[in-house]
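This report describes the overall make-up of one protein model and then turns to a single residue in it.

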Amino acid sequence: MSDIGKVRIRVPSSIKAGDIVRVRTLVIHPMERVERDQQGRIIQRRYNYVNRIVATYLGKTVVAFDATQSVSENPSFVFTFRATDPGQLKVTFEDTIGGKYEGTADIRLS
C-alpha cells in the first residue's frame, strides 16, 4: 500500500502541433467500496475514494472529471486534448479524505 497516490501518465512518443493526443492515466488508490449492513442499508461513514480528476496543459484545464466510489481500485482514465505547443501536462487526483496526487508528462512536439 506504500504506492498509494502514485500516478502514471502515458502519452504518444511522437506528437505534432495540432494533433489530438490520447492520454492514459492511472493512480494507485484503494477506492473503498460502500459497505452495507445485514439489512442492506448503507453504513454511513467517510469512505476513501478518488472523487475529482483534473488535467491541465500549459496551465489551462483541458478536462475535469467527478468520480464516485463505483470506480474500481487503481482507477484509470483516458482523455484527449489538442497539443499546440511543447509544455507540461499535469493530472491531479483528489480523494475524499483530502489526499491530492499529481503526475506530469512533458509534451514534446516532433
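A contact here means that heavy atoms lie within 4.5 Å. The model is a predicted one. Among contacts in the protein between residues at least 6 apart in sequence, those joining residues at least 24 apart make up 56%.

The protein has seven strands and zero helices. Read from the N terminus, its elements follow the order β-β-β-β-β-β-β. Along the principal axes, the C-alpha atoms occupy a box of roughly 60 × 25 × 20 Å.

Values for the whole protein are collected below.

| Property of the protein | Value |
|---|---|
| Share of the 110 residues that count as buried | 35% |
| Accessible surface | about 7000 Å² |
| Share of the accessible surface belonging to carbon and sulfur atoms | 44% |
| Distance between the mean positions of the positive and negative charges | 4 Å |

One residue can be followed at a local level. Thr56 is part of strand β3, which spans residues 50–57. Is Thr56 buried or exposed? Its relative accessibility is 17%. Buried means under 20% relative accessible area, so Thr56 counts as buried.

Which residues does Thr56 touch, leaving aside those up to four places away in sequence? They are Thr61, Val62, Gln88, Leu89 and Lys90.

Methods
Residues numbered from 1 in each chain as written. Predicted model: local features only at pLDDT ≥ 70, side-chain atom pairs only at ≥ 80, totals over all residues. Heavy atoms only, no water. Helix = DSSP H or I, 4+ residues; strand = E, 2+ residues; numbered from the N terminus. Buried < 20%, exposed > 50% of the residue type's maximum accessible area, 1.4 Å probe, protein only. Areas by Shrake-Rupley, 256 points an atom, 1.4 Å probe, with all protein chains shown as cover. Lys, Arg positive; Asp, Glu negative; His and termini not counted. Charge placed at Lys NZ, Arg CZ, Asp CG, Glu CD.
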